[in-house]
Amino acid sequence: MSFSQLGLSSELLQAITDQGYETPTPIQRQAIPEVLDGRDVLAGAQTGTGKTASFTLPLLQLLTNKPTVQKPRPVRALILVPTRELAAQVYESVQLYGKHLPLVAEVIFGGVSPNPQIKSLHRGADIIVATPGRLLDLANQRHVNLSRVEYFVLDEADRMLDMGFIVDIRKIIAMLPKKRQNLMFSATFADEIKTLAAQILHNPAQIEVAQRNTTADNISQLIYPLKQEYKRECLSYLIGSNNWKQVLVFVRTKHGADRLCKQLMLDGIRCAALHGNKSQNARTVALENFKSGKISCLVATDIAARGLDIEQLPHVINFDLPAVPEDYVHRIGRTGRAGCEGVAISLVCPDEAKLLFAIEKLLKKEIPRVADTGYETVILKASDAAPAKKVDPRPRRHQNHTKERAKTTTNHPTPRKSGTPTAARRRSR
Ligand code: AMP
């Protein structure tokens with residue numbers, strides 16, 4: 001099936017061609033006709049599936065079909081997203097796909113001065129992409145009127161709830177007209193999401209593109225079982241010796257991200273940290289530098305990295321395993337996008353064994369272990385693991401774990417043989 005068969009206008013088809021897209025992705029094939037038909041949609045799709053275009057393209061078409069003459073333009077489409085980064089990305093997509101159309105879009109998020117956003121809102125916009133907190137502030141201060149919204153998109157609804165936005169979302173929905181078209185996207189469908197969907201959506205078309213909690217086939221996943229104290233060295237070695245140019249590293253805490261980033265820089269790796277305590281400007285610069293190749297490594301927390309879309313990101317490394325198994329799927333979904341090959345490596349210490357087994361249970365498969373990590377061999381056994389909530393990403397220098405080989409092994413280039421001096425490696429980079 002081609003884009004032209006989906007009923008999109010020539011301006012949109014031109015923008016799609018400009019982007020270099022040849023065929024619609026499964027979510028686009030299924031969602032676009034439903035949205036154009038005026039139906040509510042409930043879609044189970046993760047980032048990386050092309051979901052942004054699946055709602056942006058038909059919305060742009062619907063808005064263009066019903067042009068407004070009112071000045072300033074009333075807000076007719078509202079796209080709510082959980083994070084600033086995702087807001088910026090979705091806004092960018094709206095502009096890219098809508099570049100041949102006479103529509104105006106604005107993006108609203110916190111962490112930056114509200115004044116330019118207020119000015120733009122007063123000039124009028126057909127589409128607003130927003131995070132809930134700032135939008136609610138501006139709506140309460142009457143800088144934006146949501147009473148003319150005809151199309152409402154709730155993107156990454158599961159993450160919205162994880163981040164505690166439910167009250168804000170309900171307040172925003174209360175400001176919208178009752179009659180409107182609703183689209184809801186979520187990677188997971190816990191009961192809370194189902195309840196929210198039942199409240200917001202009317203007879204929705206239900207679309208599920210990839211089975212929930214599955215990882216793409218084109219992502220090679222590997223586990224490096226090793227003691228916590230060797231993780232940083234192993235990470236530096238993997239990046240340096242393989243000359244990896246674009247590596248997204250996940251850690252669980254903001255503090256952990258900062259500390260690891262400093263350590264990697266001492267190892268000669270150009271990197272930056274991305275987390276919620278960084279200013280919006282620092283986050284934008286870090287992301288731009290990562291995308292443009294100025295830095296080769298971005299150390300991020302889950303929330304900051306959620307929804308990041310970096311074309312053809314080849315390597316994702318879990319420095320710590322996530323506390324929530326579903327986050328593993330989201331993390332490694334940053335690589336292997338749009339059909340490209342990706343590698344996802346998790347450095348797992350014995351304390352994290354329980355988390356690993358929870359992830360494997362979710363995926364319904366065992367992730368291959370690297371037999372020879374180049375460091376002291378450890379075995380990952382559920383019985384040895386500390387309870388999940390006590391896992392501490394800091395070095396644990398005084399542990400005494402069994403030295404055995406992991407049961408599933410794979411051949412993979414070993415990062416280093418124990419005893420290779422770190423300084424020698426640093427010099428060689
Ligand atoms: P998303 O799931 O919306 O975050 O999109 C993931 C990536 O896929 C983005 O980089 C899009 O530019 C890209 N993309 C979206 N639709 C297509 C398509 N039909 N063909 C190729 N790439 C696409």
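Reader: In strand E12, which residue is the bridge partner of Phe250?

Author: This is a predicted model. Strand E9 spans residues 247-250 and runs parallel to E12, with four bridges joining the two. Phe250 has its bridge partner in E12, and that partner is Asn318.

Reader: How many bridges pair E12 with strand E13, and in E13 which residue is the bridge partner of Ile317?

Author: E13 covers residues 342-348. E12 and E13 pair in the parallel sense, over four bridges. For Ile317, the bridge partner in E13 is Ile345.

Reader: Which residues of E12 are buried on each of its faces?

Author: E12 runs over residues 315-318, and both of its faces are covered. One side carries His315 and Ile317, both buried.

Reader: Where do the buried residues of helix H5 sit around its axis, on the same side or on opposite sides?

Author: H5 takes in residues 115-123, and its buried residues are Gln117, Ile118, Ser120 and Leu121. They cover an arc of only 165 degrees around the axis, so they lie on the same side of H5.

Reader: Which residues are exposed on the other side of H5?

Author: The buried residues of H5 have cover that includes strand E3 (105-108), strand E4 (127-130) and H6. Just after H5, Gly124 takes a positive phi of about 100 degrees. On the other side of the helix, the exposed residues are Asn115, Pro116, Lys119 and Arg123.

Reader: How many salt bridges does a search of the whole structure find?

Author: Side chains of opposite charge can pair when their charged atoms come close. One network of salt bridges links Lys51, Asp155 and Glu156. Over the whole structure, the search finds 17.

Reader: How many residues apart are Lys66 and Glu150, which meet in a salt bridge?

Author: Their side chains meet at 2.6 Å, N to O. The pair links distant parts of the chain. Lys66 is in the loop between helix H3 (51-65) and strand E2 (77-80), while Glu150 is in the loop between helix H6 (132-140) and strand E5 (151-154). The two are 84 residues apart.

Reader: Are Lys66 and Glu150 buried, partly exposed or exposed?

Author: Lys66 has a relative accessible area of 44%. For Glu150 the value is 24%. Buried would need a value under 20%, and exposed one over 50%. Therefore Lys66 is partly exposed, and Glu150 is also partly exposed.

Reader: What is the N to O distance between the side chains of Glu34 and Arg39?

Author: Glu34 counts as partly exposed, at 23% relative accessibility. Arg39 is partly exposed too, at 29%. Their side chains meet in a salt bridge, and the N to O distance is 3.7 Å.

Reader: Which backbone oxygen does the side chain of Ser54 reach?

Author: Ser54 lies in helix H3 and counts as buried, at 0% relative accessibility. Not counting residues up to four places away in sequence, Ser54 touches Ile27, Gln28, Ala31, Ile32, Val35 and Phe185. At 2.6 Å, its side chain reaches the backbone oxygen of Lys51.

Conventions. Residues are numbered from 1 along each chain as its sequence is written. This is a predicted model: local features need pLDDT of at least 70, side-chain atom pairs count only at pLDDT 80 or more; totals for chains, interfaces and linings use all residues. Side-chain values use heavy atoms; hydrogens and water are left out. A salt bridge is a side-chain nitrogen of Lys or Arg within 4 Å of a carboxyl oxygen of Asp or Glu. Buried means under 20% relative accessible area, exposed over 50%, partly exposed in between (1.4 Å probe, protein chains only). The arc is that of the directions from the helix axis to the C-beta atoms. Contact means heavy atoms within 4.5 Å. Two strands pair if DSSP finds at least two bridges between them. A polar contact is a pair of N or O atoms within 3.5 Å; within protein, one must be able to donate a hydrogen and the other to accept it, and residues adjacent in sequence count only if both atoms are side-chain atoms.
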